[in-house]
Amino acid sequence: MITGTGVVKTFKQRGKVLGAREVRALRGVDFAIPKGGAASFIGESGCGKTTLGRIIAGLESYDEGEIVIGDVPMTPLRPKQRQPHFRKIQMIHQDPYSALNPTRTIHQTLYAPLSLRAKQTGRSSAWIEERAAEVLSLVGLDPGTVLARYPHQLSGGMRQRVVIARALTVDPEMLVADEAVSMIDVSLRLGILALLKDLRERLGVSVLFITHDVATARYIGDDGELYVIYRGQVVERGPVDTVIADPVHPYTQSLLSAIPVLHGLERPGEEPVTPLSSLDESQSDEGCLFARRCPFQGERCADERPLLQITEGIPQEHACYYPERRSVIARPMSEV
Amino acid sequence: GGSTNKSGDAAGGGGGGLFTTIDVNRPGLEASAPANPYNPKGNSFPGYSSMKLGWVKNHLTDPNQALPGIAASWEIAPDNSAITLKLQPNAKWSDGKPVTADDVKMSIGIAYTQGSTAFSVTPGAAGAAAEVTVVDPQTVKITQDMANPSPKFARGVLDTTVLPAHVWSSVLPADFWDKLKAARGEGADAEKAREEITGLGEKIIAFAPEKDVSAGPFVLERVNPSEALLVKNKYFYNAANVAPAQVKFLNYTGNEQIWNYLIAGKLDHAGFTAAPTDVMNRIKSANGNEVIKGYSPVAVSMAFNQTKKPYDNVHVRRGLAYLIDREQVTQVASPEGGTAAVTTSGIHQKAAQAWIPDTLPSLEPYKVDVAKAEEEFKQAGLVKKDGKWALADGSAWKVSMHAPAGFSDWLSAQENIKSQLVKAGVDAEVVTTADYPLYLEELAAGKYDVGFWLMALGPAPYDIFQRLYGASNGWANVAGKVQHSAPGKNGNWMGGPEEIEVDGEKINPGELTAKLNSSDEQAAKPIMAQLAKAANQDLPVIQLWDYVNTQFVNNSRFTGWPHDDSILRMGTGVLPSGVWIQQGLIKAKQ
Amino acid sequence: MTLIARRLAGHLARGFVMILVVATISFFIVNNIPGDPMAARYEKLIEGGMAPEAARQAVKVLYGFQPDGSLWQQYTDFMAGLFRLDLGVSVSRPGTPVLDVLTDAAKWTVLPVLAGTLLSFLVGIILGVYAAVKRSGKLGDALSISGSLLHGVPQYVLALLVVMIFSTLLGVLPADGSVDILYEPGWNAGYLGSLVEHALLPVLTYALSAYGGWILAMKSSVVTVLGDDFILAAELRGMKRSIVFRYIARNAILPLFTMLALSLGLLLGGAVFIEKIFNYPGLGWLLIGAVNDRDYALMGGAFLLITVGTILANIVADLFYTVIDPRVRSGEEVS
Amino acid sequence: MSATLIPETGSAASTLRRNFWRGVWRVMRRKPSRLVGVVILAGFVVMAVVGPMLLPDPLPNDPAAITQPPSWEHWLGTDPQGRDVLALVITGSRYVLLTAAITALITVVVGTSIGLFSGFKRGRWDTVLMRVTDMKLTIPGLPLLLVLATVWRFGSPWQMGLVLGLLGWGGVARAVRSQTLSLRERGFIEAARGLGLSTTHIIGKELLPSMAPYIAMNMLISVTGAVYSQVGLFFLGVLPYESDNWGVMLNLAVFQAGALITPNALGYLLGPLLAILLLTLAIVLVVDAMDEIFNPRLREE
Amino acid sequence: MSNQAPGVRIDGLTVVYKTPAGELPAVRGVTLTLEPGSITGIVGESGSGKSTLALSLLNAVQPPGRIAGGSVEIDGLGDVVGLRGEELRKARGKHIGYVFQAAQNSLNPLKTVGKQLLDLGRSHGVDDLRGLVREAKELLGRMGLDGARVLDSHQHELSGGMRQRVGIMLALVLNAHLVVLDEPTTALDMITQANILRIVREVHAERGLTTLVITHDIGVVAEVADRLAVMYGGRLVEQGPTREVLGAPRHPYTRGLIQAIPRLTGDIGEARALPGRPPTLATVPKQGCVFRERCELRMDVCDTVDPETVADGPRLVACHAVNSAPASTTVATKEHA
Ligand SMILES: Nc1ncnc2c1ncn2[C@@H]1O[C@H](COP(=O)(O)OP(=O)(O)OP(=O)(O)O)[C@@H](O)[C@H]1O
Ligand SMILES: Nc1ncnc2c1ncn2[C@@H]1O[C@H](COP(=O)(O)OP(=O)(O)OP(=O)(O)O)[C@@H](O)[C@H]1O
Ligand SMILES: [Mg+2]
Ligand SMILES: [Mg+2]
């Protein structure tokens, strides 16, 4: 179980000529990912998904809030002490091409973390070889053919599998997959998604899936939760299918409306939501962060910031004063 | 570049024209330096734009000979106690004002601040002037302090630059002469006065006259960093016989540049410049060029640091002397600029013949003789192992010779000596030091085993021998009193013994040398013979070659070059061609 | 404007610190120089025929100009002098302030090096474009190899070759000095002609040695820009060749201007070999002379001046960039 | 060209790295001149290592044949001591190349460590170290060497190499730092950290191998500069010399033998001059080849 | 040239790149017709030759590539493959507008958009530069931007979506009626993408263009295109009206591709990835069907014979299995429920 409460991250860009510029990447995010569970973060570019993912994987520090891994709170620990805990959370990078060292074979790539573990637990080098083959099999690769190869000799999909296999060498409790399929050829994406789902089921690894493609979130598992993030704030949160089928936050609705309709197969939703303007970081921080772009802006929106809450009749948490269901997503032709 | 003779106010005879020369003693013309003879970079050219009382010669034995300068003639008292100068009756500054005895007196005052032999405020200094008297506007009398007289007192007086009082007087305070008197006394007051005078020295070095006012045949027109231009001074007393209308000084940056100029036939005259044989041949073959040779009272030697083993042993030094073929060394290093030393006497060969003609033949010539060398080495306890000489205790011996990097003739010589020694089974190496100042410092600090050393600096006998038996060998001569410091102390890097046995008699060469400072010619001769023997037997140095004063002239534009040995015997501090010109020797070619 | 002012302020502050550091370093280096210039001077006087005592006295007077007091005292004096632009008094040129000597020499360095740099820059960038466009052809290859070679060959080798060819072999141009003294300084044809005549070979050598670098830099810059998408985009929009060429040229030359400014910074100290070989009386030549004379003050001053030149050029280069590149102008960092 | 094309170039780069020697061979074959460069460079190394052993020490001199023009007996003539110039060039190469090797070693060790440390740690250390590096790069090298030459006597190749190395690491440090920064952005470094691999592993096994070629190239460039300024210092005559080397030869040829004046000494000048030219040519060709091997942009052509 | 949407007929186009392994075709024997006034979409995975095809329309394949065969007939221009020099240059921009794959970087970083617009006008001999600027402002305004401000901006002052719109503006401002958009929305986020697609559709309709959209994202094509062509390994494997192709894909690749798209609704169990991996220039089979390695309908002929493109009404398919089977089997292939 990994939980976070009120995680805040502000980037201060020093050294720039125009004085310090602050980017509020995260503004108090809460999340909870149960063991073996799944959560997906979606949102526009620059809304803080990657930052959150990196913080959870221990690759970035956070300014405020608390992250608890298992039952150990991280905030009181010094960076060195945090490390073993965060090692249970492995990051799968978006770009499988840069995530593997081009000068090292897959064997070498897997060997390094395994030998570290072998040293810690006093295991033999035979175990390393065994384990290397095992993790490769786990991700659906044939160890015999893959081990001796260099990354460039593998396809994008295979590389991403190797990346996942490498993460598995340390027996992680959670995988953080940041846009793990967006750079993979369209025809192969589903394979990776299926693999992640499979790992959840077989190994009990929880998966944090970060994406801007809402549809892919479904493929991690239908028991997963969906977090919709906007400008560093979670604006809607609930079971994947609920949020997709019945979004209540206008921002979620905008996102879902923007998904292209496969015209031969689908009918567009009846009430698509189009934001009034595009994302602008310099927009004011007053009130609801989405207010300026929101076509349904009410009186309260400009001054008060809505917090994540549950209101009657709506199953998911949302941060909107005027939540309303709208039919925004395209439906298959067959579903008339 | 093409030249245009614009400032053509050539007054009088000689034919005019541009005279091109180079001052080999002044690296780097400094355009911003003042026309001040005391400034080391000053744009004041002795013989051309700056005049001395007389132009002292390097006579073989008489240091007091000189050609007339501002002083047309002089009388030296028989006991050397005074010199009375008669000034040139027509001498004028380039601004038309006459040169007077007051100018001379002020010039002497200035000379005091700079310290020269004759005008020293150091208490007890040898040959110092006691009084300067203006007898009449044309006559000045200078007396010597007879407490510690010097035979070359007159030389010191004559070698004084004359400066225009109406330009320079501001640098000397009104009470200068009183102060001088005080400084010549003793006690705290005198000390203070001396300091003040030395302080004045700094001021004088930095003094920058607005424009050059010259009593010489030329006056400075302008300078840039690579050339200086002088034009004829029409008020010069002998202007009618000054041939060139203009003199162009080229900047001296290195020998190879002078060779270049000489080969191009650009220089009418250049002073002593070493040149490799090939280059010399090309210079000689260039149109109009002629090489004139004269006497230069300097020799170069290989000096030993006797605090280092095995050089403390005279037999080692002698053995080495027997191994080095000085003819070959000279041939390789300085074929034109030197003649191989006949022996080590401490004196330049030419001067030796004049001073000690009888002693000379009896000196050991150290002709190359391997057998004798081995004999000596054995006597010194050296052993020969595998064809190589080693120290008595069997440890390796390597003759490590040092020279400053820029001194190409020295380096050549050492390279040659090295190969000669190696051939004879003595290991050797040449080590260079970045430059001369560093070389001297390290030499004086006793860091080197063997280094090259200039010696036999004539014409005065004391100057000749103080190089071997002076400060560098432990003897300090303060106010005529001689003290000896132990090797390694007070600059004693040669580390020779205080007493040497010569012909079965122990002598103290330092004391003998100091005695030369006040001996006249007759008294000096026996002492010099004794010292020559000491140098010859004890070999603190091996005299390698005696320098030859090589002058380059070109006959295409000017003629009348002196070939007379006595004229050529002038110190390197005086640029001869200016003096030749003012004497009226040089004529423009028709 | 404010941006430039702020950048300038930052640079000046940093440059100032750096000058202090360099001054301190040079003070201590220079004060630790071994070697005894007094002894050397003494030997020279003796050799010139002066009597030993007199020579000793004369040397003492001469070196009376040297500062004394404790090292710390000297240091603080030196630093205080620095603020008054007083670099002390030259040892080998007693009485002459170091600054005067330096400014005198600097003018002989600045002009030829400036001319050489600009000349090589012009020729280099033109040929660099050519080498980039024809980079797969023989001529392009030849251009870049010759550029690399000239860039790689040390300056003194070039200078010696130039002297050998033009001065010794052909004898057409002088390889000594700065100007014929016979001409009255001023705006007259003779003087200027002589000035140019003497500067020609040093300038040529300087240009030759710098030109290779420009060719290479321009070539690689052009190749980079050619690979940029906007050039292809411009072509696909049917822009005229001349306009596309302008796009390439302007974008490619931009980084070179910075390099130009930086190389102008080396202008003061970059010509040591050339000045030595052509006996050209500039700063490099002065520095060598000062080293040989053990003129502490002059050496330190020359070194300091050369460094200050570089620092200033760095500042200018950066400001220049700020003005010329809209990306930097608006505060974005371009790497 | 496109986001989706990046993988192609990425894989092409790694293909080349993988098939390193094949790639090297291909690049060499495409322009045979590069092979010439490698051969000359190797020749110089052999000359420096073996050459002096084959020649007598000290070299025989012939006082009867000083400063002779090239002849069948002496291909480059003789020096003012009557020694064979070619032999001098050979014995002199040892000093030059030994200095180069020491300089290279120090440049690489110091430059790489500082660059790596700076790029890897970033933050305050980076700022400080890069300020220092900038400062070092700002101080003009040759004048500094001139001044330093008066304080320290770098007579032996060891001292010379030490000084040049300590003055020359700036360029390498910069290059390594920027390379490190850009590699840091690559996922595999971050992944290694996430896996808890040691910094030693990350630097030694992941970073350095990818950078080695760049380091080598930058080193070659800065070392060349350093060696040339060393020869230059000898040429200027501000350094003492204990053995013959090209700089000393140049100095003596010009300032002692008058090589610019008399044809007899021309061989003495041309010897070291040609050696330097040849060495430069070799290095230019090798760097050119290296550039093509390691620089994907140029490889496209 | 008329102010009417031109038709384009690409016939047997082959484009090769010179590689160490010799000249390899990135586009091979492609025949495609763009009807006047239509929006045609080309989908294909990375490396399938889409951009190369698009560049061929302007005869702008960059070295080391070259058009090795075939023709590209454009109404009013003739065969572009034969165009050279000035003629070709004038055709670009004025007749054919090209919106770059990486429109993000298609602007000169040192010049404002306005200045580049003027350069464009001058290049094409536009006399009325004021008019051009007016037109540009109008277009930008049409796309929801403040024209005056954008023209005054440098590239770096614009966001990705804005740059893309500027790219479209520059492609249209000279009144080109054939527009090629190469990956117009990659690297943009969803909302911006939807925006751009809407703009493309609207501008297309308003100005009466012939538009070619190239993308790897079927969703994008589905959203805007009337006709859809699917590329694989340099070959066009299927084309037809978008709705028909999506609704009833015939080629096994098209089918697999559609099946592999994650969907917002429906049974997630039905979706699956294609086995194998897409070919690269070097691994594309030299003969036979390019898709056979990953094909579930593979037959023996596929190894040796390149399937011909067979037309069936508006639909064209190049597959041995599909074309040899009776029409009924096509219908019988599993359709999405
Ligand atoms: N190291 C950093 N320094 C400064 N700002 C940063 C840094 N990393 C991220 N940011 C800023 O924080 C915000 C959130 O960035 P983040 O990468 O988390 O967004 P994202 O949701 O992952 O976007 P995308 O979909 O584009 O990947 C952005 O505005 C970004 O510019
Ligand atoms: N300059 C080139 N040299 C060699 N091969 C090239 C070059 N440009 C493209 N190719 C190859 O040609 C094939 C087609 O490339 P193209 O860019 O047309 O593909 P694409 O479908 O646009 O792919 P993407 O979706 O990545 O943009 C690819 O295999 C690519 O590797
Ligand atoms: Mg992200
Ligand atoms: Mg493409």
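Which distance separates the closest C-alpha atoms of chain B and chain E, a pair that no contact joins? The figure is 47 Å. Contact here means heavy atoms within 4.5 Å. Chain A and chain B have no contact either, and their closest C-alpha atoms lie 46 Å apart.

Ground rules. This is a predicted model, where local features need pLDDT of at least 70 and side-chain atom pairs count only at pLDDT 80 or more, while totals for chains, interfaces and linings use all residues. Residues are numbered from 1 along each chain as its sequence is written, chains are lettered from A and ligands numbered from 1 in the order in which they are written, and side-chain values use heavy atoms, with hydrogens and water left out.

Chain A to start. It has ten helices and 13 strands. Those are DSSP runs numbered from the N terminus: helices are H or I with at least four residues, strands are E with at least two. The radius of gyration of chain A is 21 Å, close to the 20 Å from the globule rule for 336 residues, so chain A is as compact as a globular protein of that length. That radius is taken over C-alpha atoms, and the rule is 2.2 Å times the number of residues to the power 0.38. Along the principal axes, the C-alpha atoms of chain A fill a box of roughly 65 × 50 × 40 Å. Of its 336 residues, 59% are buried. Buried means under 20% relative accessible area, with a 1.4 Å probe and protein chains only; exposed is over 50%, and partly exposed is in between.

Now chain B. Count 18 helices and 27 strands. Its radius of gyration is 25 Å, close to the 25 Å that the globule rule gives for 590 residues, so chain B too is as compact as a globular protein of its length. Its C-alpha box is roughly 75 × 60 × 40 Å along the principal axes. Buried residues are 62% of the 590.

On to interfaces. Eight pairs of chains touch, and chains B and C have the most contacts among them. Chain B gives 56 residues and chain C gives 47 residues. Together they bury about 4500 Å², 54% of it on carbon and sulfur atoms. Buried area is the accessible area (1.4 Å probe) that two parts lose on being put together, summed over both. Glu202(B), Arg222(B) and Pro437(B) supply 12% of what chain B buries against chain C, more than any other three residues.

How many salt bridges cross between chain B and chain C? Two. The rule wants a side-chain nitrogen of Lys or Arg within 4 Å of a carboxyl oxygen of Asp or Glu. One salt bridge joins the side chains of Asp180(C) and Lys248(B), at 3.1 Å, N to O.

Last, chains A and E. Here 44 residues of chain A meet 37 residues of chain E. The buried area is about 3600 Å², 65% of it on carbon and sulfur atoms. There is one salt bridge. Arg263(E) and Glu266(A) make it through their side chains, at 3.4 Å, N to O. On chain A, at least two residues each come from helix 7 (186-203), helix 8 (214-217), helix 10 (250-257) and strand 13 (331-332). Helix 7 of chain A gives the most, with eight residues.
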